[in-house]
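Student: I'd like to learn how to read the features of a model like this one. Could you walk me through it?

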Amino acid sequence: MRAETPERLRTRPARGWYVGAVLSAVVAVAMCLLGWRQADQADRIDAHPVRVEGTVTQLPGGSGTYSQVAYPVDGRRLTAADLWLPADAKVGEPICLEHAADDASAVRVCGRTYPQPVGVGLAQTSVPAAVLMCALCLWRIWRFRRHQAGEERARAGFTVAFAAEGMPALTQGKRSRRRRKGGRRALR
């Protein structure tokens, strides 16, 4: 049998609320950056698109592997990973790609808006969820602190009441004889 432990007075919220607030804020910022990067690449491709024909070199084969497409740019052969591919794509098949004229690494499949399938969609769902989680954690921390402040005010009032209760006994119900510097006239 376990010995009874005295009930512990909680002086601060659990660290989990602080960790949750920080982590959800980090996730929100990271997903915003991911979505911004995808939108920026799409804008650069839309500004000056260059069409090339690429070749599918790898298909996604479960978790941890991505599709890969090789494409020629100025005599070099570049590769792009995790692009939107048709469902019936096979290794070695040609595929139409668009890349930005000023940045050959910003590439997408022809007819698509964004380069990667998960970038913007993931940002659109995870950013609001992370912001709500951060707001919930901050609200919980704020509520706990407000509750603590109310208890401290009540404790302070309780202490003042006890101190005032003992005052007449100290002065026998009379005013203190201590005078202000300059007497009563100094107040006027």
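Student: What pattern does the chain follow, read along the sequence?

Tutor: Helices (H or I, at least four residues) and strands (E, at least two) are DSSP runs, numbered from the N terminus. Here the pattern is α-β-β-β-β-β-α, with two helices and five strands. Keep in mind that this is a predicted model: local features need pLDDT of at least 70, side-chain atom pairs count only at pLDDT 80 or more, and totals for chains, interfaces and linings use all residues. Residues are numbered from 1 along each chain as its sequence is written, and side-chain values use heavy atoms, leaving out hydrogens and water.

Student: How do strand 2 and strand 3 run, and how many bridges join them?

Tutor: Two strands pair if DSSP finds at least two bridges between them. Strand 2 (residues 68–73) and strand 3 (residues 76–81) run antiparallel and are joined by six bridges.

Student: Is Arg108 buried or exposed?

Tutor: Buried means under 20% relative accessible area, exposed over 50%, partly exposed in between (1.4 Å probe, protein chains only). Arg108 sits in strand 5 (residues 107–109) and counts as buried because its relative accessibility is 5%. Across the chain, 25% of the 188 residues count as buried.

Student: Which side chain does Arg108 join through a polar contact?

Tutor: A polar contact is a pair of N or O atoms within 3.5 Å; within protein, one must be able to donate a hydrogen and the other to accept it, and residues adjacent in sequence count only if both atoms are side-chain atoms. For Arg108, the partner is the side chain of Asp46, at 2.5 Å. Contact in general means heavy atoms within 4.5 Å. Leaving aside neighbours within four places in sequence, Arg108 is in contact with several residues, including Ala42, Leu83 and Tyr114.

Student: With which residues is Leu34 in contact, leaving aside its neighbours within four places in sequence?

Tutor: Gly119 and Leu122. Leu34 belongs to helix 1 (residues 15–47), and at 25% relative accessibility it counts as partly exposed. Leu34 and Leu122 are 88 residues apart along the chain, yet 8.7 Å separates their C-alpha atoms. Among contacts between residues at least 6 apart in sequence, 64% join residues at least 24 apart.

Student: Where does Trp142 lie?

Tutor: In helix 2 (residues 119–171). Trp142 counts as partly exposed, because its relative accessibility is 47%.
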